[in-house]
Amino acid sequence: MKPSTNERAKPADVKTEAPAWAGESQAMKTIKRIFLVLVAFFSGAAVMAIELAGNRILAPWFGNSLYTWTGLLGVILVCISGGYYLGGFLADRWPSWRMLVHILALAALTSMMIPVVQGKLEAPLGSMSVIAGPIVASLCLFAVPGILLGTVSPFAIRLASLLSGDKHVGVSAGMIGMLSTLGSVVGTFATGFVLIPLMPLRSLFMVAGLVLASLAVLGYLLFMPLARGRRVLLSVCMVGSSMMAALLVTMTDSGSGPNVLYEKNSFYHRIRVYDREESNGRNSWILSLDSTTEGGQFQDGKGGMPVEYTKFWELARVVTPNLQRAVFLGGGAYTMPEAVRDAFTNATVDVIEIDPKVIDVGRRYFRVDDYPRLHPVASDARRYMRLTDQRYDLIFGDAYNGVHNIPAHLITREFFQTIETHLSDDGVLLQWVHFYESSEPLVRLVLRTLRGTFAYSTTWGGNAD
């Protein structure tokens, strides 16, 4: 019988080599699949943890505004996209488990180093514009860990496919994509609802880095082709490097400053209260929310206002001389609501503050509990005004997202129409807007919207702190 063409082409002394996956035990394949499940899930969670915590880093520099979120999200997405391509390239060239473990180790170390880099770059980057600043800062802080974490998914897909001899590429891609997305969902909820309010940002990056480092250590123990003793030694070195990074983060100055009395990250802000000596020799406690100075009070309690713009409450004496009930949209340091209570002794003052932690700070540092007819309410201003049936002689708008931005939903025509329905017959809305050269378009838009809603409007100007 004549041999086929393929049989004639194959030399008799050449043996066909079985693929590496074919000789593995079923137990080892199961271990590898479980490892890929953990890697895909926790790398997806780490991406979202870094992204959400990243906004809390940038907000004190540039404000918690649309510009900050846009710059951060854009940079993270670009980095992840680059990581996808890099991961696919590396997976085709070196589809080894060791390479995946090395990537995890680098992602862990660079994630833990973010607070260190932050401390070094706060001065040069914090003075940049609110548009370019978030982009440049995000590149400097999050580009490397973002790219490294982006490489994980395509690399994990390739390894999962190899476990089945490339017979189930679609299933492998779907499984890794699903697990990565589920990890991102869990990371988002855990970071936003639990981790950021409960722990310092520096610790949050350490948690993300240590989770990735733990996966890397597990990978070294499982997949490094070394004697058991050397694998253990390598894992110990990895743990030691992580601990050194944690120590470095702990020892690095957090940037709070010696005069900071209180600092906490809430759901909405980085809240700081600090001691400041004024030009008249008196000391004041100043409240800062992200990049905005929200007000302050003199410690001696003898009156006066250390933050210049808060003196505009005096307009209430002119426009509402018979004031009985007022509401302030934005609590801040409670300087103005308390001044209104002092000036109008029979008045009731509501203060709508979205952040419950700011209310707690007001009680602790700014004498809120000394005013029984001052009622702080933890709510969004627009939601409160839509739901309340109360009418006010004075409504004072003083809510900000950073120095240059008012929350967009608080300066719309619909919101001002809601305000109008809650003014008494002689009631007045006082809307404070910071004026800077860069905020001139915002001021013009607010004025145009106010004039299109109310029958009468006027403006006052002056220095702002």
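1. Ground rules. This is a predicted model, where local features need pLDDT of at least 70, side-chain atom pairs count only at pLDDT 80 or more, and totals for chains, interfaces and linings use all residues. Residues are numbered from 1 along each chain as its sequence is written, and side-chain values use heavy atoms, with hydrogens and water left out.

2. Overall make-up. The protein chain has 15 helices and nine strands; these are DSSP runs numbered from the N terminus, with helices (H or I) of at least four residues and strands (E) of at least two. Of its 465 residues, 48% count as buried (buried means under 20% relative accessible area, exposed over 50%, partly exposed in between, with a 1.4 Å probe and protein chains only). Take the contacts (heavy atoms within 4.5 Å) with a separation of 6 or more: residues 24 or more positions apart account for 71% of them.

3. Helix 2 against helix 7. Helix 2 (residues 26-62) packs on helix 7 (residues 169-198) at an angle of about 40°, and the axes are 7 Å apart. That angle makes helix 2 oblique to helix 7. For the terms, axes are lines fitted to C-alpha atoms, for helices over the stretch in contact, and angles run from 0 to 180 degrees between N-to-C directions; under 35 degrees is roughly parallel, over 145 roughly antiparallel, 65 to 115 roughly perpendicular, and the rest oblique.

4. The contact residues divide into 14 nonpolar, eight polar and one charged. Here Ala, Val, Leu, Ile, Met, Phe, Trp, Tyr, Cys and Pro count as nonpolar, Asp, Glu, Lys and Arg as charged, and the others, Gly among them, as polar.

5. Four strands form an open sheet in the order 1-2-3-4, with antiparallel pairing (two strands pair if DSSP finds at least two bridges between them). Strand 1 (260-265) and strand 4 (292-298) are the edges, each pairing on one side only. Neighbouring strands are turned by 20° against each other on average, direction ignored. Strand 2 (residues 270-277) and strand 3 (residues 283-289) share seven bridges, and Arg272 has Ser288 in strand 3 as its bridge partner.

6. Strand 8 and its partners. All six of the six residues in strand 8 (residues 392-397) are buried. Strand 8 pairs with strand 5 in the parallel sense over four bridges, and five bridges join strand 8 to strand 9 (residues 423-431), also parallel. Look at Leu394: this residue is the bridge partner of Ala326 and stands opposite Val428 in strand 9.

7. Two backbone spots to check. Most residues other than glycine have a negative phi. Tyr334, in the loop between strand 5 (325-329) and helix 11 (335-343), has a positive phi near 60°. Tyr334 counts as buried, at 0% relative accessibility. Arg367 also has a positive phi near 60°, and sits in the loop between helix 12 (356-365) and strand 7 (374-378). At 30% relative accessibility, Arg367 counts as partly exposed.

8. Thr453 lies in the segment after helix 15 (440-451) and is buried, with a relative accessible area of 12%. Leaving aside neighbours within four places in sequence, Thr453 is in contact with Arg413, Phe416, Gln417 and Glu420.
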